Structures are given as structure tokens and as C-alpha cells.
Amino acid sequence: MKGKKFIFAVVLVPFFLFSCQSSRDSSFNQKNFILVNVANTYSSRGMQYVSDQVLVKFKPSVTEEMREAAIASYQSTTLKRISGIDVYHLQIPEDVSVEEMLYLLEQNPDVEYAEPNYFRRIAQVTPNDQYFVDQYALYNPGGVFGPPSSPQSGTNRADIKAREGWEETWGSDSVIIAILDTGADFNHPDLDDKLFSNGYDFINDDPDPTDDHGHGTIVAGIAAAETNNGEGIAGVAWNCKILPIKIVDNTGWSDVSTEIDGINWAILNGADVINLSLGGPGVSQSEQDAIRAAYNNGVVVVAAAGNDGVATYYPAAYPECMAVAATNSSDERVTFLNTATDPLPWESNYGSEIDVAAPGDWVLSLYPTSLTTPPFLPYTWASGTSLSTPHVAGLAALIRSIKPELSAEDIMDVIRYTADDVNSTNYAGRDDFIGYGRINMERALVPIIISALNPHK
Amino acid sequence: MKKVEIFLLSALLVLTLTCFSSAQEPEPQEQEQKLFNAVSISPGLGFEYFSRTIGWDDDEYTSKLKSLFLTLDAEVELQRGIYVRAVLGFSSSSYEALVFRELPVSVQLPEDYIKGFILGAEVRKKLIHSESLRVDAFGQFYYCYGIKKEWEVPDLTVEGTVEGRPTWMRAPVGLIFTYTGYETFFPYINLNFNKLWGKFNMDEIIQDLTGREEKKISGESSFCISLGFTFKLTESISFKSEASFMPYKEGTDFGILVKAIYSLD
């Protein structure tokens with residue numbers, strides 16, 4: 001802790017609802033945030049061109065001597081002369097702005113044109129959400145991220161390749177992700193326009209699944225927060241809709257009967273993907289039957305493996321369900337060892353049922369506005385396979401958006417087979433810890449350039 | 001089938017019928033004799049290359065179809081001024097950057113040549129033949145049947161392959177204006193409507209994940225202007241060379257043809 005400015009608020013979730021370890025920074029305001037927002041310095045300064053350089057082309061009739069004399073008269077120096085188009089790249093004096101120099105050059109009858117040396121950057125989809133730079137799960141530039149009081153470090157590109165995947169699709173607003181959880185915050189500025197309908201509350205048996213815990217809003221934000229809206233965070237599935245179904249109470253507990261009600265309601269109300277960031281060790285035939293019904297209706301069911309370092313929990317362990325393990329910002333499976341310094345150390349469950357993994361350690365997401373008191377902002381860091389699961393649910397929704405003809409099993413296979421086997425050094429191929437690997441949105445969505453058959457295979 | 005394809009095939013059929021119907025009708029006995037005793041037979045060996053912009057997915061995207069083929073053909077002059085040509089050949093075609101997004105895992109073709117066979121036919125009729133100008137009407141149809149080719153889908157967690165088979169068809173209909181003022185050198189200009197269309201079937205197998213996509217392709221250009229010449233080396237041997245230009249909205253496609261012809265008059 002670096003003083004009173006940084007206070008952690010840990011969201012404690014009891015046994016049944018996987019612990020989503022959440023740390024909330026009391027000084028989580030824009031001023032402090034910009035301190036770690038290095039990547040935003042370019043856009044915040046508003047410069048679109050190099051501040052002390054211009055490009056100039058003289059008319060062909062102007063002699064070399066006249067050109068040199070003109071450049072000298074503007075107290076500029078030639079950085080280079082671009083061959084082919086015969087344009088001068090000039091360094092202008094420090095006390096003259098680009099605009100002033102361009103004005104002067106345009107008055108010169110020997111100049112054909114003069115222009116700023118504009119910046120260019122790669123054409124890659126980067127949402128303008130304020131805190132996107134801290135979402136290492138989506139784009140990990142390496143280095144330090146997270147709340148200033150507890151800096152986390154990451155490995156470059158240990159992420160789900162979201163920016164590359166968004167080059168192909170942002171998803172369809174007709175694709176619905178049902179979040180079966182503690183409800184959702186209907187007033188959250190980063191979620192309010194993403195809700196498909198009011199959903200349903202099976203805890204209180206009414207049509208108001210307002211989140212009174214926080215977990216459901218966190219999960220929904222990861223899957224499909226409002227993205228590219230200039231504030232908050234980015235969701236995996238930009239355009240897909242959220243259907244909040246409350247099946248977990250405000251203490252973080254639920255039961256199979258309530259869960260089945262929620263699954264059936266989700267199927268009837270057009271869900272394409274069901275996110276279950278919950279589970280437990282007991283196998284239930286009725287729970288499996290409900291999930292099988294969803295699967296047979298083409299609904300992709302994604303569930304968290306669990307956080308206790310034991311065998312995969314149910315419903316994740318059912319074959320009709322995708323079981324999601326957790327990795328961290330260095331693409332390592334989360335274990336008690338690498339979370340030893342966390343307020344609540346935890347470990348991703350394992351077993352032959354694990355399908356894939358996704359980032360689940362120190363993930364930034366939304367937090368209900370009703371549970372946030374100033375000067376907090378309604379955002380939080382959280383950890384657990386609960387947070388890994390909506391990354392996969394979001395990807396499933398994006399695949400469904402562009403390939404509506406695929407079955408649930410097909411979509412699950414696409415996610416499995418296009419993953420990154422990030423622990424291949426120790427466990428080549430599918431293994432019981434991260435399954436086929438950490439999901440890769442680029443490979444799952446963007447066309448892969450095929451290559452000649454390897455005759456040695 | 002698109003309207004324009006129906007139009008072209010109809011035009012080809014009409015042209016064929018016109019050739020035969022407008023020719024001076026020989027007596028039945030003479031006709032029978034002509035069919036079995038053609039005026040001339042000219043076998044030829046040709047090499048052709050073209051690069052054409054093709055549209056796919058309702059023309060939302062474009063790629064380049066590059067094809068080179070070696071053909072053996074035989075042209076028969078059935079009656080004075082009416083020629084029929086049959087073509088058989090071997091082709092190699094590339095469909096660079098064709099993307100299959102309907103497969104479970106989307107894939108993109110690299111620049112890779114796929115072998116195939118060419119079957120073709122042409123009907124040509126002499127319309128005008130003055131001292132220095134000859135005008136022919138012609139219709140042609142080429143069918144390229146690609147041989148199945150298999151590729152690997154790289155970087156997956158399991159082994160995955162795709163298998164593709166392309167076919168394309170080309171049907172030009174037009175007029176050839178030949179300058180016949182020289183003795184052995186005959187430059188010509190060929191103006192034609194030139195349609196190209198086809199499909200590319202791609203099957204994907206990644207363990208138990210399978211899918212098939214049939215992608216329809218069509219040439220962006222519909223009009224072709226060819227400049228060429230025929231050079232008569234001897235009475236029975238001649239060479240033909242041609243360069244073709246096919247303008248479309250955003251550029252011009254091109255093709256070349258080189259051919260040796262032996263005349264068995």
C-alpha cells in the first residue's frame with residue numbers, strides 16, 4: 001500500500017460463487033489513472049504531426065541554389081531529400097510552430113506545396129475506452145498495469161489477441177449472452193445500452209435482476225461492456241447484447257434448482273451463449289440435463305472451472321459445457337504459488353474436463369454504481385475463473401455473430417482448436433491445466449492463411 | 001445462373017446457328033461429303049496466361065485469378081469460312097487471397113497454383129473478306145476443371161487440413177478485324193464481351209470439426225480488347241501472338257497468348 005490514497009476493497013465471494021478477488025482503488029480517478037496511462041499520452045496531447053518538421057516541394061523550375069537559399073532563409077535544415085518525389089523533409093526552428101512555417105512557405109511562389117509531417121500508425125482496432133490500456137487480458141503490451149498500489153507486471157502479448165480479432169468482427173447485436181449470476185447494474189454507464197432486456201430475477205421471482213452483489217456486473221462487463229464509447233472499459237463482444245438472469249443471491253450463493261430455472265429461461269428468451277461463472281463439486285443429473293438441453297438448442301454454455309486448486313467443478317465438468325481455467329498476465333496458469341501475495345491466494349482448478357483458459361487474474365471490469373461510493377469509480381479489478389469465463393463467452397458470441405450456422409459443439413471446437421498452447425514447454429498439446437490453451441481471438445475469427453502440407457506429418 | 005451468363009451462352013448458341021444457317025447451303029449430298037472432308041484441319045499448340053480480377057461474396061471482395069495453360073487444339077474448317085475448334089489442355093491457376101469465411105475456422109488461400117484440365121470449343125465465321133480486311137465473328141467457351149488440392153491449417157492446437165477444388169469458365173463472344181494487306185503478317189484486333197465465372201469448393205477437416213464452403217467467383221471485367229498478329233512462316237506453319245486487355249472499374253486485367261499452328265490443307 002502506498003498510503004491512504006489507495007484502498008483495496010476486496011469482493012469476497014463465498015464458496016459456491018467463485019471468489020472473484022477484486023481490488024478497488026479509492027483514488028481511482030482520472031488524474032491518477034493517467035499516471036499509468038502511458039499509451040494515452042499521444043492522443044491526449046492532440047498532436048497529429050511532428051511538432052518541429054515540415055515537408056516541402058519546390059517547383060521544378062527552382063534551381064538547387066535557390067532552394068538551398070530559401071531553406072536557409074527560413075532558418076530550417078534539411079533532414080533528408082525524399083528521392084522520387086523530390087520533397088524536402090525540413091527541421092524548423094524551435095520558436096516557430098508548424099502552422100506558422102507552413103503559412104510562410106505558402107507565401108513563397110517557388111514552393112509547390114508544404115505540409116506537416118503527419119503521424120501515421122498501424123491500422124489496428126484499438127477502442128477509445130479510457131481504461132482499455134489496463135485491460136491486459138485484451139491487449140497486453142507487457143510491463144506494469146493495475147492499481148498503482150499493487151502493480152502487476154505482464155508479458156508482452158500474453159493476451160487473448162482481442163484487437164486482432166476485432167479487425168474481423170465486433171459482433172452482432174442480435175447475438176445474446178445470458179449472464180446467469182447476481183444480476184447486472186442497469187444504470188452503469190458502460191453497460192446500460194448493452195442489455196437485451198430486463199432479464200429475470202429467480203432469487204426474488206420478479207423481472208428486476210438488479211445486481212446487489214457486484215459479481216454479475218463484473219462478469220457482464222468483461223463479456224460485453226459498452227466499447228469504443230470513450231469511457232470505462234472495453235468488452236470482448238462489442239456489439240452483442242447481455243441478458244441478465246439473476247440466479248445467485250447477494251451473498252454469492254445459488255442452488256441447482258434456481259440455476260436450471262435460469263438456464264431454461266435463457267433458452268426460451270433467445271440466448272446464444274450462457275455464461276456460468278459459478279460451480280461446485282457435486283455432480284447433478286438435472287443440472288446436466290438442463291445444460292444438455294441448452295447445448296441441443298445450439299446454445300454455447302461456458303462455465304468456470306473453479307478457484308480452489310482441485311478437480312474441475314460442475315457444471316464446467318459436463319461435456320456439453322466449456323470448462324474455463326485461468327491464466328495470468330504472463331500466460332501462466334494461476335496457482336497458489338503465483339498468487340501468494342494476493343489478499344486471497346487462489347488456484348485454477350484442473351482436470352481432463354478443462355477445455356481452454358483465459359485471463360482471470362487482476363482483470364479490470366465494471367462494478368455496480370449502487371454499490372460504489374465517491375470517490376470510487378464504478379470499476380474494479382477482480383480475480384478468479386469467474387473472470388476467465390466471460391472472455392470465452394464473449395468470443396463464443398463473436399463467432400456466433402459471423403458464423404450463425406455453426407452448432408454449439410462447432411463453436412466450442414473452434415475455440416478449443418484455435419487456442420494458444422501457452423504451456424507447451426512443459427505440457428505439449430491438450431493438458432489438464434489449461435486444456436487446449438489460452439484462447440486466441442485472432443485465430444478464432446480472422447482468416448488463417450493456409451500453407452502447403454508438411455510431408456513429414 | 002446470372003442473366004449475363006445466360007445472355008452469353010445464348011449469344012454463343014445463336015452465333016453457332018447463324019454460322020451454319022447463313023452459310024451457302026450445299027446440297028445434302030455435298031454437305032455430307034463436306035463434313036467428312038473438311039476444307040482444312042489445323043492442329044495447334046498454344047500457351048496462354050491471364051490475370052483477372054474476380055469478385056466474390058456478392059462482389060464485396062476481390063482477388064486475382066492468375067491462370068496459365070498449355071493447350072492442344074484442332075481447328076476444322078467445315079465449310080468455306082466456318083471454323084470449329086476443339087481445345088484440350090492442362091492448366092495451373094492461382095486464386096490469391098480468396099477467403100473462406102463460412103468454414104468453421106476461416107481460411108485464406110495463399111498464392112499457390114492449382115493444377116487442372118482445360119476443355120474448350122470455339123466457333124468462328126468469316127463475315128467479310130475484302131482485299132485488305134477480314135472480319136470474323138466468334139464465340140468461345142473454355143472450362144477449367146481443377147484437381148483437388150490439400151493444404152494445412154497452421155498453428156492450431158490439433159492437426160487441420162482443407163481441401164479445395166476450383167472450376168472456372170470463360171466465354172468470349174465478339175468480332176476479329178484482321179488486316180490482310182501483307183503476305184505473311186496478319187495483324188488483328190479482337191473486340192469481345194468476355195465473361196468469366198466459376199466456383200471454388202473448399203472442405204475443412206479439423207478432427208471432428210468439419211465444414212464445406214462453395215464460393216462463387218466472377219470476373220470483374222466484361223469487355224476485352226486483344227491486339228495480335230498471325231505470322232505465316234511457311235504455307236503450313238504459322239505463329240500467333242496476342243495481348244489482351246480487360247478494363248474494369250478499378251483497373252485493367254491482361255492476358256497473353258502464344259500459339260503455333262500447323263495447317264493440313
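**Starting from one isoleucine**

Tutor: Happy to! Let us start with A:I177, which, leaving aside its neighbours within four places in sequence, is in contact with A:A223, A:A224, A:A237, A:C240, A:K241, A:I242, A:L243, A:V273, A:A393, A:G394 and A:A397. Please keep in mind as we go that this is a predicted model.

Those contacts belong to a wider picture. A:I177 is among the residues with the most contacts inside the largest nonpolar core, together with A:W166, A:I415, B:Y95 and B:W168. That core has 98 residues, and helix α9(A) gives the most to it, with eight residues. Apart from it lies another core, this one of 28 residues, including A:A266, A:L278, A:V301 and A:A316.

Now look at two helices of chain A. Helix α6 covers residues 215-224 and helix α9 covers residues 385-402. Their axes come within 8 Å and cross at roughly 40°, and the crossing is right-handed. On the α6(A) side, the contact is made by A:H215, A:I218, A:V219, A:I222 and A:A223. On the α9(A) side, the partners are A:S386, A:L387, A:P390, A:H391 and A:G394.

How enclosed is α6(A)? Ten of its ten residues are buried, so this helix is largely enclosed by the rest of the structure. Among those buried residues are A:G216, A:T217, A:A220 and A:G221. The surroundings that the buried residues of α6(A) pack against include the strands β7 (176-181), β9 (241-246) and β10 (273-276) of chain A. Strands β14 (363-366) and β15 (379-382) are also packing partners, as is α9 of chain A.

A:W362 lies in the loop between β13 (354-359) and β14 of chain A. This tryptophan has a positive phi of about 55° although it is not a glycine, and at 5% relative accessibility A:W362 counts as buried. In the loop between β14 and β15 of chain A you will find A:P375. The peptide bond from A:P374 to A:P375 is cis, with omega near 10°. Another cis peptide bond joins A:Y314 and A:P315, where omega is about 15°; A:P315 sits in the loop between β11 (300-304) and β12 (321-327) of chain A.

For a contrast with A:W362, turn to chain B. B:D155 also has a positive phi, of about 65°, and is not a glycine. B:D155 lies in the loop between β8 (149-152) and β9 (161-179) of chain B, and at 58% relative accessibility it counts as exposed.

What happens where the chains meet? Not counting residues up to four places away in sequence, A:I450 touches B:V107, B:Q108, B:L109, B:P110, B:W151, B:E152, B:V153, B:P154, B:V162 and B:M202. A:I450 is buried, with a relative accessible area of 2%. The C-alpha atoms of A:I450 and A:I245 are separated by 41 Å, and these two residues are 205 residues apart along the chain.

Let us step back to the whole chains. Chain A has eleven helices and 17 strands, and 59% of its 457 residues count as buried. Chain B has two helices and 14 strands, with buried residues making up 49% of its 265 residues. In chain A, 73% of the contacts with a separation of 6 or more are between residues 24 or more positions apart.

Finally, a word on confidence. The predictor gives the complex an ipTM of 0.82 and a pTM of 0.79. Chain B has a mean pLDDT of 88, and 85% of its residues reach 70 or more. Over residues 17-29 of chain B, however, the pLDDT is below 50, and over residues 31-36 of chain B it also stays under 50. Where pLDDT is low, the predicted coordinates should not be read in detail.

Definitions and conventions
Residues numbered from 1 in each chain as written. Chains lettered and ligands numbered in written order. Predicted model: local features only at pLDDT ≥ 70, side-chain atom pairs only at ≥ 80, totals over all residues. Heavy atoms only, no water. pLDDT = per-residue confidence, 0-100. Contact = heavy atoms within 4.5 Å. Axes fitted to C-alpha atoms, helices over the stretch in contact; angles between N-to-C directions. Helix = DSSP H or I, 4+ residues; strand = E, 2+ residues; numbered from the N terminus. Left-handed = near helix turned anticlockwise from the far one by under 90°. Buried < 20%, exposed > 50% of the residue type's maximum accessible area, 1.4 Å probe, protein only. Core = buried A, V, L, I, M, F, W, Y, C linked by side-chain atoms within 4.5 Å.
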